[in-house]
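Me: I have a structure open and want to go through it piece by piece. Can you keep the answers plain?

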Amino acid sequence: QQQQQPQPQPQPQPQQLLPTVDQTAQLVTHPRQIFDAVVAIRRSKLPDPSDIPNVGSFFQSPVLDAATLAALRSKWPGLVAFPMHEDRATGATAPAARQETTREDSGPGSECAATDDKGAPGDTAVSDSQARRFKVAAGWVLQHAGWRGFREGPVGIHKHHALVLINPGHGSGKQVVGLARRIQADILARYGIALTIEPTIIAEGV
């Protein structure tokens, strides 16, 4: 594997949906219009599967406890993570409401750019000092490990999106999953973080 230094680029903003909807607020009469707006934004920011075979984000962003995150940040201060809100009744966690925050090293797939995520209705903001668990930006981890833009035969990682595995050479499912397993092993060895594959794998050896 040849390590490549990623070049930070402007990060697509999820909140771009809001201006899209606001501009046509008087015209929205059906949920399909919201769906179409989301699809249009996604297509403008992510590779079209009909052009470059992919399934979108291939790895879930891992959730770490505060102590583990602190240990990682002592080595990698720029590691991006967001505090999780924990439901005391059920123990379930969800991304906490966040005030506008800017992050360094932002780039497509890195999940590092400025955000203004207000969280779910009824959420209260949770500061880093209050949170017990944090969602780590898997895109940041992959980008800083040099995987963004990596190619291995017919498969690889998109040059702008570190979370998107691509199959432009129409390789086998075994080759795609094989690359994913290599990435998992590398990230575990580097950071001690176990990445979970997001898509459902039906037959790994095919």
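Me: Which residue in β7 is the bridge partner of Arg151?
Reply: The bridge partner of Arg151 in β7 is Gly156. Strands here are DSSP runs of E with at least two residues, helices are runs of H or I with at least four, and both are numbered from the N terminus. This is a predicted model, where local features need pLDDT of at least 70 and side-chain atom pairs count only at pLDDT 80 or more, while totals for chains, interfaces and linings use all residues. Residues are numbered from 1 along each chain as its sequence is written, and side-chain values use heavy atoms, with hydrogens and water left out.

Me: How many bridges join β6 to β7?
Reply: There are 2 bridges between β6 and β7 (residues 155–157), and these strands run antiparallel. Two strands count as paired if DSSP finds at least two bridges between them.

Me: What sheet do they sit in, and in what order are its strands?
Reply: It is an open sheet of 4 strands with antiparallel pairing, in the order β1-β8-β7-β6. The edge strands, each pairing on one side only, are β1 (54–57) and β6 (151–152).

Me: Which helix lies across β6, β7 and β8?
Reply: That is α5 (residues 173–191), at about 40 degrees to β7. The axes are lines fitted to C-alpha atoms, for helices over the stretch in contact (heavy atoms within 4.5 Å), and angles run from 0 to 180 degrees between N-to-C directions.

Me: What is in the loop between β8 and α5?
Reply: His170 has its place there. Its phi is near 55 degrees, a positive value in a residue other than glycine. Most residues other than glycine have a negative phi.

Me: Is His170 buried or exposed?
Reply: His170 is exposed, with a relative accessible area of 64%. Exposed means over 50%, buried under 20%, and partly exposed in between, using a 1.4 Å probe and protein chains only.

Me: New topic. How many aromatic pairs are there?
Reply: The count is 3. Rings of Phe, Tyr and Trp (its six-membered ring) pair if their centres lie within 6.5 Å; planes under 30 degrees apart are stacked, over 60 edge-to-face, and the rest tilted. One of the pairs is Trp147 with Phe150, edge-to-face at 4.9 Å centre to centre and 75 degrees between the planes.

Me: Are those two buried or exposed?
Reply: Trp147 and Phe150 are both buried. Across the protein, 35% of the 206 residues count as buried.

Me: And how many helices and strands in total?
Reply: The protein has 5 helices and 8 strands.
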